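Visitor: Please show me the structure, and then take me through it step by step.

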Amino acid sequence: MISLLAELSYWQVTSIRLAAGLVAVLLVAGTLVYAHLFKMVSFMQSRLGPMEAGPYGSLQLLAEIGKFLQKEDIVPRRADRFVFKAAPFVVLTSTFLLLVVLPGGPDAWFITTDLGIYLAMAVSSVSVIGILMAGWGSASKYSLLGGLRATGQLIAYELPLLLAVVGVVIQAETMNLQEIVLAQANGEIFGWGLIGNPFILTQFAGFVIFMIAMQAELTQTPFDMPVAESELVTGYMTEYSGLRFLLFFIGEFATAGVFSAIAAVLFLGGWYVPGLDPADNLFNVLGPLVLMGKVVVLTFLVFWIRFTFPRFREDQLQRLAWKFLVPLALANIVVTGVLKVVV
Amino acid sequence: MTPSGVLAASASGGDLFVAQNVFFGVIALVMIVSAIRCVTTRNVVHAALWLVLVLAGAAAQFILLGSEFVAVTQVLVYIGAIIVLFMFGIMLTKASMGDDDSVATEKRLMASLVAVLLAVVMGIALIDSYSDTRVVIDEPQRFGAVSDAIFSQYIVAFEAVSVLLLAALIGAIVVARKE
């Protein structure tokens, strides 16, 4: 694999990475929608879900895409045309940029940089601009309220998300996601290195905080006030239809996948499975599949919680973030730092 | 291809970076146009959005200069936090669609005076310090090197800034708080 990549020119490698990025976003979003949104929730509610299109309804998604593409792309008369039309692309851009730092194997990466997780946190905050653009540009009070709620929520939960990551960074001594994977693969638990040292064991508090904050960042129930359908129709997405609604929809599920992948890299060892040498060439093929498997497990958790819990109230949401998650994350950092120096 | 760094391998071409210079020009043009539109548009939300382009351009220029850390911090702090707070504030108070003629025009003179003054001061300072120096970027500035510098050489300044920010934070809460 290394020799193969070394022989290709810069533009060839870049094209491969571009194609891989597209596949990663669309395939992950599609899998999540089919496996979790269509099927899992149906089984939870004792029904079959889509069954007509393809075996077990597996082609339902293509039918949905066909439906959305045929719909008229309506822009409200008083809306700000350009801002309204550009908003979904800003959100989707943020998702694609997030993907860039993820490693899929020892040589299967998009970029590997020391910035790693810091870059991911920075570009994830860009999507807020897109949500505000959608909320304001629609010229609708439901959209504006949804946009404002989304912004307040995303700002509040970015903090615990970042602080939860710091514990992992201290333990791995790097922000580079590739090296965080290797630190877990080569780590040992009190001298016992059979399964490496997945940080979910030592950073369990960090993992829980990260998953809760992630649920809020993705505006999934119980943190779905921005799109609360009984109050705001669908929040900032209310006025969108056709292709642009589809873009928001893809963005929502692709972001769920990418955030889960980041969680998998930080806490579950990313593309590594115990028992193999992390430098093995096999991981360049197996790694992305392993990562995908871990993503499906983590998103299963996200959607399980989404379809189980009722919605929070706005003040409860803010209280949970500022009075519980942030202090807990700070305590986690202090304990991790002390143990790092002492042990 | 360097295996690491946002910046792809570029330093091998000697002193003159053609691609860098071309992209510097392109990004600078976008920044100038956005900056002008930012102060001439009559819609406050549009002004904030044009400002996003200016700040994103600045981040891109930092990447061209090989300063990864500054570039990402620019995105995180300015685009991710400050602009979002701007827009949040605008939308909470008044977010009228279309042009708003009440957007201050009478302060234009003072504002342009301040802008010209700032440009002159910064220009003189830059020319005075770097007039004949050629900055050669052999390789991007590593994240680790930045943190090493902050926590050894500049530790006093860093701690002073932290305390200042904390004081500002507490001050803001005290001012905003109602009994």
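**The contact of the two chains**

Guide: The contact takes 27 residues from chain A and 25 residues from chain B. Two residues are in contact if their C-beta atoms, placed from the backbone, lie within 7 Å. This is a predicted model, where local features need pLDDT of at least 70, side-chain atom pairs count only at pLDDT 80 or more, and totals for chains, interfaces and linings use all residues. Residues are numbered from 1 along each chain as its sequence is written, while chains are lettered from A and ligands numbered from 1 in the order in which they are written.

Visitor: Which helix gives the largest share of the side of chain A that touches chain B?

Guide: Helices (H or I, at least four residues) and strands (E, at least two) are DSSP runs, numbered from the N terminus. On the side of chain A that touches chain B, at least two residues each come from α2 (10-44), α5 (117-124), α6 (127-137) and α7 (141-172) of chain A. The largest share, 5 residues, is that of α5(A).

Visitor: Why is helix α8 of chain A described as largely enclosed by the rest of the structure?

Guide: A residue is buried if 20 or more other C-beta atoms lie within 10 Å of its own, exposed if 12 or fewer, and partly exposed in between. The buried residues of α8(A) include A:Leu177, A:Ile180 and A:Val181, and their cover includes α5, α7, α9 (199-202) and α12 (242-267) of chain A. Helix α8 (residues 177-185) of chain A is largely enclosed because its buried residues are 7 of 9.

Visitor: Which residues have the most contacts inside the largest nonpolar core?

Guide: A nonpolar core is a set of buried Ala, Val, Leu, Ile, Met, Phe, Trp, Tyr and Cys residues joined through C-beta atoms within 7 Å. The largest one has 115 residues, and α12(A) gives the most to this core, with 14 residues. Leaving aside neighbours within four places in sequence, one residue in contact with A:Tyr157, A:Pro160, A:Leu161, A:Ala164 and A:Leu325 is A:Ala213. The residues with the most contacts inside the core are A:Ile129 and A:Ala213.

Visitor: How is α6(A) oriented to α7(A), roughly parallel or roughly antiparallel?

Guide: The two helices α6(A) and α7(A) pack with their axes 7 Å apart, at an angle of about 160°. Angles under 35 degrees count as roughly parallel, over 145 as roughly antiparallel, 65 to 115 as roughly perpendicular and the rest as oblique. Therefore α6(A) and α7(A) are roughly antiparallel.

**Two single residues**

Visitor: Is A:Leu282 exposed or partly exposed?

Guide: A:Leu282 lies in the loop between α12 and α13 (283-306) of chain A. Because A:Leu282 has 13 C-beta neighbours inside 10 Å, this residue counts as partly exposed.

Visitor: What separates the C-alpha atoms of B:Ile150 and B:Pro140?

Guide: B:Ile150 belongs to helix α5 (residues 143-150) of chain B. Along the chain, B:Ile150 and B:Pro140 are 10 residues apart, and the separation of their C-alpha atoms is 17 Å.

Definitions and conventions. Axes fitted to C-alpha atoms, helices over the stretch in contact; angles between N-to-C directions.
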